[in-house]
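Hi everyone, thanks for making time this morning.

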Amino acid sequence: MDLHEILREEYEKSIADILDPAALMQMIEEVLEITPSGLTEEAGAPAAFNFDPQQMLLRMIPDIAVSEIGWSDVRSVEDATGEETLVSGPQRKLLEDYLGNIAGGSFEERIASISSFYERGSAELQEGTNDRIQLITNAISYLVFYKTLTKIVTNFNASSAGFSFESFLATLVSGEQVPANTGTIADYIDRSTGKDIPVSLKLYKEGQLEVGGSYTDLVNDLVDPTKWPGFPSKMRYVVCTKELQGDGLKQEGQINFYQWDFTLENVMDILAITKDSSSKNIMLPRQVVSALLAGQQSGTDVKLPERSPAPTADDLGKLFVDYLITNLEEIEYIENAAEVGKEIGDALDWAQDDELFNKNKTRGVGGLNAAYVKNWVTKNITNEKAIRDQIKNAIVNANVAVVASQKASARKDARNMEIQRMREAGEFLNPEESAIKYKMLGSRQKAMALKNSYGVLQTGHFALNNSQSLMSEQPVNAESLGSIKVGTKYVAEALNQVRDILNEEVYEIFESLKILSDSLNSFFANGLKDDALAKTSIDNAENIQTKEILQPDE
């Protein structure tokens with residue numbers, strides 16, 4: 001059992017089990033040391049017992065540490081019966097406990113509830129329950145959502161924020177993230193409805209949205225109905241746009257949420273409207289289409305030479321160092337670039353260290369995380385800033401050169417040369433013709449056609465621009481789920497929406513604590529002789545849970 005679990009168990013014990021009267025009085029005095037704010041009589045605070053509810057309530061919003069790794073910590077554990085069950089790590093469990101109180105049986109409903117909470121506040125919470133403890137729990141949980149989302153967006157660069165946002169939403173829908181490079185376009189699995197729904201998430205600035213990725217991975221998700229049994233032959237896209245003003249921690253604005261699905265039926269229609277470099281993925285070989293329309297059920301695949309074996313990460317690592325040395329030779333004041341380049345290459349461990357890369361960790365394909373490289377150089381290189389910046393650029397550009405070299409090698413591959421010959425000879429239908437013919441096929445035939453499409457044969461990349469990604473009509477049918485405010489100003493405004501509930505509940509609890517403290521002080525000061533004071537102390541301690549305020553007998 002780790003320290004987190006021990007502390008959590010201690011916290012959950014009853015006060016009677018863990019506190020003696022002296023310790024309890026000390027805690028009460030600490031609470032009552034909060035600086036008085038001159039709470040108005042209109043708000044209902046007696047002159048004899050003033051404290052600052054805003055300070056108290058702000059303290060009540062837990063500060064959840066943002067951790068993509070911690071939030072994605074879901075482990076498969078074998079129970080006593082031998083069955084596999086999923087167990088959340090401590091950071092994930094903490095976030096789950098709060099987000100589990102957000103209303104809604106699906107992602108769409110939860111986003112709608114969070115969006116509505118900002119406008120309706122306590123009215124949104126009271127629709128589900130009148131239970132005092134549950135109301136407080138729900139109010140704090142919604143505020144935790146706002147506060148944590150604000151931390152994600154304002155405390156991190158775009159790349160880091162995207163990964164944390166992904167694990168945050170995965171927790172909201174009781175799901176888990178999908179490891180990169182596993183043959184799927186999905187980023188996480190949504191289990192809010194009890195079924196596994198694969199989700200690809202996009203988070204971009206308003207007006208700069210692009211929905212794209214590996215066409216091969218998308219096809220793999222659509223052609224196999226058993227891959228996602230709860231959502232067969234579909235891939236859900238959750239598309240978010242940021243409308244923020246300000247810099248760094250002072251950013252504020254909103255995130256707009258949209259949702260739509262790629263399906264086996266609509267994938268051709270959607271990609272047919274994209275730019276040429278994307279729409280060419282759906283081009284179908286004429287011979288395959290003819291065979292399928294003639295009713296042929298097998299043997300329709302295009303026969304192509306095998307792909308050349310891909311170089312290993314270590315092979316590419318040596319190439320990376322070569323390019324790095326070449327780049328370092330261009331930097332003034334660096335002597336013996338070969339030695340320096342090898343030392344930096346060994347320290348970076350380009351072939352093995354995945355932290356160097358953005359989400360695509362594939363060597364020879366993925367780009368480096370420039371912010372991570374900059375931090376690494378700052379920490380490990382002692383030269384002045386101007387030289388450090390040049391070294392950082394040399395590292396990033398060395399990776400760019402490796403990626404370019406692999407693209408050049410691919411163009412010389414026998415398989416790719418044959419595909420290019422087919423295209424130049426007119427053996428592929430154009431995108432528009434392909435989409436028309438595709439509609440004439442049955443589901444099984446559609447899957448066979450997609451597996452032979454140009455983008456799969458060529459390992460292509462698809463992309464929808466901003467307007468296409470948010471198209472509310474066919475073929476995309478994007479649905480707006482609502483907007484969520486982010487920024488410290490909006491956290492405070494959300495807090496004010498439930499201020500009445502929390503003021504009432506928390507104030508009366510602490511008034512009971514005050515009376516409990518006064519009664520205990522008097523009881524002990526009088527030599528433990530006044531049974532009435534003892535009874536008042538006991539009654540108020542018990543009624544802290546029920547909120548009823550019991551004044552001592554006059």
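Let's start at Lys 242, which touches Leu 203, Tyr 204, Lys 205, Glu 206, Gln 254 and Ile 255, leaving aside residues up to four places away in sequence. By touching I mean contact, heavy atoms within 4.5 Å. Before I go on, this is a predicted model, so local features need pLDDT of at least 70 and side-chain atom pairs count only at pLDDT 80 or more, while totals for chains, interfaces and linings use all residues. Residues are numbered from 1 along each chain as its sequence is written, and side-chain values use heavy atoms, with hydrogens and water left out.

Is Lys 242 buried or exposed? Lys 242 is buried, yet it has no salt bridge. Buried means under 20% relative accessible area, exposed is over 50%, and partly exposed is in between, using a 1.4 Å probe and protein chains only. A salt bridge here is a side-chain nitrogen of Lys or Arg within 4 Å of a carboxyl oxygen of Asp or Glu. For Lys 242, the nearest side chain of opposite charge is Glu 206, 11 Å away; Lys and Arg count as positive, Asp and Glu as negative, and His and the chain ends are not counted.

Now, where does Lys 242 sit? It lies in strand S7. Strands (E, at least two residues) and helices (H or I, at least four) are DSSP runs, numbered from the N terminus. S7, residues 234-245, runs antiparallel to S8, and twelve bridges join them. For two strands to count as paired, DSSP has to find at least two bridges between them. Along this pair, Thr 241 has Asn 256 in S8 as its bridge partner, and Gln 245 stands opposite Glu 252. S7 and S8 form a hairpin with six residues between them, and Gly 246 in the turn has a positive phi of about 90°.

S8 covers residues 252-263, and eleven of its twelve residues are buried, so the strand is largely enclosed by the rest of the structure. S8 also runs antiparallel to S10, residues 479-486, with seven bridges joining them; Tyr 258 stands opposite Ser 480 there.

Stepping back, what is the order of the strands in the open sheet? The six strands go S3-S4-S5-S7-S8-S10, with mixed pairing. S3 and S10 are at the edges with a single partner strand each, so one side of each has no neighbour in the sheet. Helix H7, residues 107-120, packs on this sheet and touches S4, S7, S8 and S10. The direction of H7 makes about 45° with that of S10, taking axes as lines fitted to C-alpha atoms, for helices over the stretch in contact, with angles from 0 to 180 degrees between N-to-C directions.

Lys 242 has no salt bridge, but the whole structure has 14 of them. In helix H6, Lys 93 and Asp 97 are four residues apart, about one turn, and their side chains meet at 2.7 Å, N to O. Lys 227 and Asp 221 pair at 3.1 Å; Lys 227 is partly exposed at 28% relative accessibility, whereas Asp 221 is buried at 0%. There is also a network linking Glu 176, Arg 191 and Asp 196.

And the big picture: 26 helices and ten strands, with 46% of the 554 residues buried. Happy to take questions!
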